[in-house]
Amino acid sequence: MNQKFSLNVNGTVHSVEADADMPLLYALCDDIGLNNPHFGCGLAQCGACTVHLDGQPIRSCITPLSAVGDGKIVTLAGLGTPEKPHPLQTAYVEEQVPQCGYCINGWIMTAAAFLRDKKKPTETEIKSALEGLKCRCGTHVAILRAVKRAAAMMG
Amino acid sequence: MTKFEKSANFSRRALLKAGGALVVSFGAPIGFDSARADEAMIAAAKPPLTPDQLSSYIAVNADGTIAAFFGKMDMGQGLFVAVGQIVAEELDVPFGAVTVIMGDTANSVNQGGASGSTGLQEGGKQMRVAAAEARRVLVQMAADKLGLPAEQLTVTDGVVHATADANKKVSYAELIGGRFFNVHLDWNGKYGNPLYAPGQAKPKDPKTHKIVGLPIKRQDIAPKVFAQQDFCTDIKVPGMVHGRMIRPDIAGTVPVKVDETSIKHIPTAKVVWNNGFLGVVADKEWDAIQAAQLLKVEWSNTAPPFPAQAALYDHIRKEPSRKRQVEPAETGNVDDAFKSAARVIEAEYEWPFQSHASMGPACSLVEIKDGHATCWSGTQKSHFVRSGLAAMLQMPEDNVHVIWTPGPGSYGRNDADDAAMDAAVLAKAVGKPVRVQYMRNQGTGWDPKGPASIHKARAALDAAGNVIAYDFLSKAFSRVDVDTNGSKPYDTLAGQTLGVDLKSGDGFGIPAESYAFANKRTAWEVIPPLLDRASPLRTSHLRDPVGPQIHFASESFMDEVAAALNVDAIEFRLRYVKDPRDVAVIKAAAEKAGWQTRPSPRKDQSGEKVSGRGIAYAQRNGTRVAMIAEVDIDRTSGKIWVRKFTVAHDCGQIINPDGIRMTVEGNIVQGISRTLWEEVKFDTKAVTSVDWLTYPILDITETPDQIDVVLINHPEIASSGAGEPSSRPIAAAIANAVFDATGVRIRRVPFSPDNVKSALS
């Protein structure tokens, strides 16, 4: 049974008519037509679909529309722009992190919330905050370099 | 201008640019007298897209920027940056003036796609001679225009000028901008990786290189980081519907009854069923997913096709081989030498099936309109996919356009080519553009697998401890049970489920090294697949195809021989390794890592937490890599942490050192993952590794503290590959380090905590 939803995505409200059980990911990519986030597993195991809901990273592939309400959704595109980048985006470019780049949403959106709440984290704290996210190209070392660089930028 | 552009956009823009200039200059080519001989070098209309035309590789836009059309593509290692550097170098234009357009069948010829680390070794070589020829032609045209001999001209930033007088000048844009080269190249008649078509020009002396060798950064990262880059998963066209495929729970079974009423409540959902091919489409993606899950299907009553997983290696041992090959020819007489041995050392190693398990399952969009098909795919080999689609859709190849679009990771023949073919079959059936994305359990459970294998190694020693003979045999599933590309329907799931005749290939490999033993035999044998049609355990190429397996065995074994002789592992290798570049990488890795000469295992440790170091080395098509792993092991939990890797890498001339470093780092992490964690699980019915819980990979918390990369540059030696060579010695380096730490030799991958614990107990 389709219902109407008003989704606030990166500051713009979109009207979506869909099944209340449909995961947010499909509203973002199929109905609204964003080119991010990505489908990686549909099981909340990899992070490729991560967005912020009211500032908290969530896996949009398993979050039903009914759970979104009028929360503010921010995707990677809404985190920063080339003109006004988030420090993690700057660090990712500086450190040349991704290979295929399909996993980026998970790492950056998770790290952005973590670094906002935790200043001057240790390497162990960074690793622990990112545990479970997947990067199949094996750019782990570069990811950690970039998160440390962004942490330093964010003081 | 960004360096890297989605080819669909660029080809449109490139044509607009070219077309725009053409309109302006048509009938009155600016600055040219049509009587000139060099006019023959220019064409208003584009010459045919064939390998013997310069215009198939290089074009000068109206604004003087350069388009380089590349029949290979970058899988995330920055290949297009290196190709751009080569083209800019030969043409004497700034690096930023070159845009490399990759893998679009409408504007590039088949240079083999992403394949075998040949991006620079073969692809770069061709782009270099094409760019050099373009410069030669442009300088000749300038000589005619300026009335000066070509020898008295210099090119600076795309402007040809008199060496003695910079005011006597003409730019590339003025000479040919917006029009096409009409220059014939001396093509060797081959397509794919070996394609080579030089012109008359000789490329520059490497000593004069200014752009080649620089650590220029990738330009595709910012668009990805700001979500401005479309992946193949993001492409949409008007009227597009979503498709999902349905695979059987028991491999080898086919649908015998499909109850379409079971999904009649899902709006727009439709079933496409033909023999074993079963999919659904719906206007909305979520509806297609629901339909695929809810469709009631009765499957044929077929016996489960697989042995129990525990019996896998016995199966490989006992199964009659389909093909045996000794490569190269045997040196000396191995069997005789073993008869005279004072001592024989032998060991056997085992490697499991592994999955590409790409970051996202494959996705492809196919649109069929007016007898033409367009396909967007993350494939590694778009030109081959074009052939496959043409065969499947029964269309001339010229009517099929494959646009390579970055996919969710690719490490060989993953599921991308299957998705393209499935999308084509669905699109033809429903008469609408269809976007197919697999689900996670299909991405991991149904991609072509890296082959499982066993490896037997023997060494014969004389009384003085010299190795007098070496015998190495791999027995395995084929690396080309399905081929490395989707150019034939029988190599794709769609073709196999639709029922085409099968053609399984035979291939494996041998260790690549320069151990000079007086008697030496390296050989392989392959066995048939466990299930011949539409198998989730069909085998093909996975990064550095069969290299990790073979060198896990061969380089573990060299360590076993060294340990048996109570000799340091590097000292032992240097007694027999003969190639000077091999010796150099081994010594460079040892020096960088601070290797202490002593035999393994260490004898100075006690307690539950122990550490060790191990070396391994290999060649790969001209590249040499040596690496040292340093590991910590918790004997109680069986958990291994690879703390540090030191890699020495020689691939001839370095085009972009940072590109190689990042590539090696990725290979090391992926290789540690494959060594410690990765094994495709299956039961008698199906593959049971279907997600990240059942096919775990290395977690960020297990990242090495340090990966040191020593690059040895040989500008005088043509570049060989860097994409994969550093993948192959990783498992052996880790195994050797585990032995150094514990005195226990682990001969089966993966080294998961459970497996290590049981090996140590």
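In this model, 48 residues of chain A are in contact with 47 residues of chain B, where contact asks for C-beta atoms, placed from the backbone, within 7 Å. The model is predicted, so to speak for local features a pLDDT of at least 70 is needed, side-chain atom pairs count only at pLDDT 80 or more, and totals for chains, interfaces and linings use all residues. Residues are numbered from 1 along each chain as its sequence is written, while chains are lettered from A and ligands numbered from 1 in the order in which they are written.

**The A–B interface**
- On the side of chain A that touches chain B, two or more residues each come from α1 (24-31), α2 (76-79), α3 (87-95), α5 (123-130) and α6 (140-153) of chain A; helices (H or I, at least four residues) and strands (E, at least two) are DSSP runs, numbered from the N terminus.

**Domains of chain B**
- Chain B is assigned domain 1 (7-225), domain 2 (234-302 + 356-445), domain 3 (309-347 + 449-527) and domain 4 (547-760), with bounds from an automatic or database domain assignment.
- The centres of domain 2 and domain 4 of chain B, taken over C-alpha atoms, are 38 Å apart.
- Between these two domains of chain B, 8 residues of domain 2 are in contact with 8 residues of domain 4.
- The domain 2 side of that contact has 3 nonpolar, 3 polar and 2 charged residues.

**A sheet in chain B**
- Five strands form an open sheet of mixed pairing in the order β14-β22-β21-β20-β15 (chain B); strands pair if DSSP finds at least two bridges between them.
- Because β14 (323-326) and β15 (343-351) of chain B stand at the edges with a single partner strand each, one side of each is left without a neighbour in the sheet.
- β15(B) pairs with β20 (residues 453-461) of chain B in the antiparallel sense over 9 bridges, and B:W351 stands opposite B:S453 in β20(B).

**Nonpolar core**
- The largest nonpolar core has 272 residues, and B:A424 is among those with the most contacts inside it; such a core joins buried Ala, Val, Leu, Ile, Met, Phe, Trp, Tyr and Cys residues through C-beta atoms within 7 Å, buried meaning 20 or more other C-beta atoms within 10 Å of a residue's own.
- Helix α3 (residues 119-146) of chain B gives the most to this core, 11 residues.

Note on methods. Ala, Val, Leu, Ile, Met, Phe, Trp, Tyr, Cys and Pro count as nonpolar, Asp, Glu, Lys and Arg as charged, and the others, Gly among them, as polar. A residue is buried if 20 or more other C-beta atoms lie within 10 Å of its own, exposed if 12 or fewer, and partly exposed in between; C-beta atoms are placed from the backbone.
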